[in-house]
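Here are some notes to read alongside the model, written as numbered points. Please keep the structure open while you work through them.

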Amino acid sequence: MLTKTAWAIVLGLGVMAYAPISFAAEGSGKANYDKLCASCHAADGKGNPAMTKAFGEKALNIVSKETAAKKDDEMLKVIVDGRGKMPASGKSLSKQEQTQVLQYMRSLAK
Ligand code: HEC
């Protein structure tokens, strides 16, 4: 028979083992977005006003209907290889992180 304390420990460990997995998925997408993308695209994905002069408002808005309609593969390629004035981020991100950043970016559009 397990005592109440033992059950509390078992439950506590279970929660701790589960939580970091869900945090990590959401967390590294956001962390990498904030680090590598927000300087141009802004935390909300609408484009950093200070950068729109150099790049254009439309180019920096990645939460637009236009961007939402584009395929994940195509957007992933822009993130990895860059395009036009957008720098490539492929070297800074693992495959998994690239997908997480894309997912995080998509979540901003909702
Ligand atoms: C130096 C500024 C800058 C940084 C940093 C930057 N971008 Fe961009 N991004 C741009 C510009 C400028 C464009 C438009 C490119 C073009 O004209 O083809 C763009 C385009 C895009 C597009 C294509 C949108 C579309 O509808 O075709 C996506 C997706 C995107 N960026 C995501 C990201 C993500 C994710 C990051 C971080 C990993 C990032 N960008 C970092 C400047 C930047």
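1. Which residues of helix H6 (residues 72-81) are buried? In this predicted model, the buried residues of H6 are Met-75, Val-78 and Ile-79. Viewed down the axis of H6, these buried residues fall within an arc of 95°, so they line one face of the helix. As background, an α-helix has 3.6 residues a turn, and therefore residues three or four places apart point the same way.

2. The face of H6 that is turned away from the buried side carries Asp-73 and Lys-77, which are exposed. The buried residues of H6, for their part, pack against helix H5 (65-69) and also against helix H7 (95-108). After H6 comes Gly-82, a residue whose phi is positive, near 80°.

3. Where does the ligand sit? The ligand is found in the largest pocket, and the elements that give two or more residues to the shell around the ligand are helix H2 (38-41), helix H4 (57-60), H6 and H7.

4. There are 20 residues around the ligand, and those that come nearest are Cys-37, Cys-40, His-41, Thr-67 and Met-86. For His-41, an N or O atom in the side chain is 2.7 Å from a nitrogen atom of the ligand.

5. Thr-67 has a polar side-chain atom 2.6 Å from an oxygen atom of the ligand, while for Lys-70 a polar side-chain atom lies 2.8 Å from an oxygen atom of the ligand.

Methods: Residues are numbered from 1 along each chain as its sequence is written. This is a predicted model: local features need pLDDT of at least 70, side-chain atom pairs count only at pLDDT 80 or more; totals for chains, interfaces and linings use all residues. Side-chain values use heavy atoms; hydrogens and water are left out. Buried means under 20% relative accessible area, exposed over 50%, partly exposed in between (1.4 Å probe, protein chains only). Helices (H or I, at least four residues) and strands (E, at least two) are DSSP runs, numbered from the N terminus. The arc is that of the directions from the helix axis to the C-beta atoms. Contact means heavy atoms within 4.5 Å. A residue is near a molecule or strand if one of its heavy atoms lies within 4 Å of it. A polar contact is a pair of N or O atoms within 3.5 Å; within protein, one must be able to donate a hydrogen and the other to accept it, and residues adjacent in sequence count only if both atoms are side-chain atoms. On a 1 Å grid over the protein atoms alone, a cavity is a set of points where a 1.4 Å probe fits but cannot get out, and a pocket is an open set with protein on both sides within 12 Å along at least five of seven lines; lining residues have an atom within 4 Å of a point. A molecule sits in a cavity or pocket if more than half of its atoms lie within 2 Å of its grid points.
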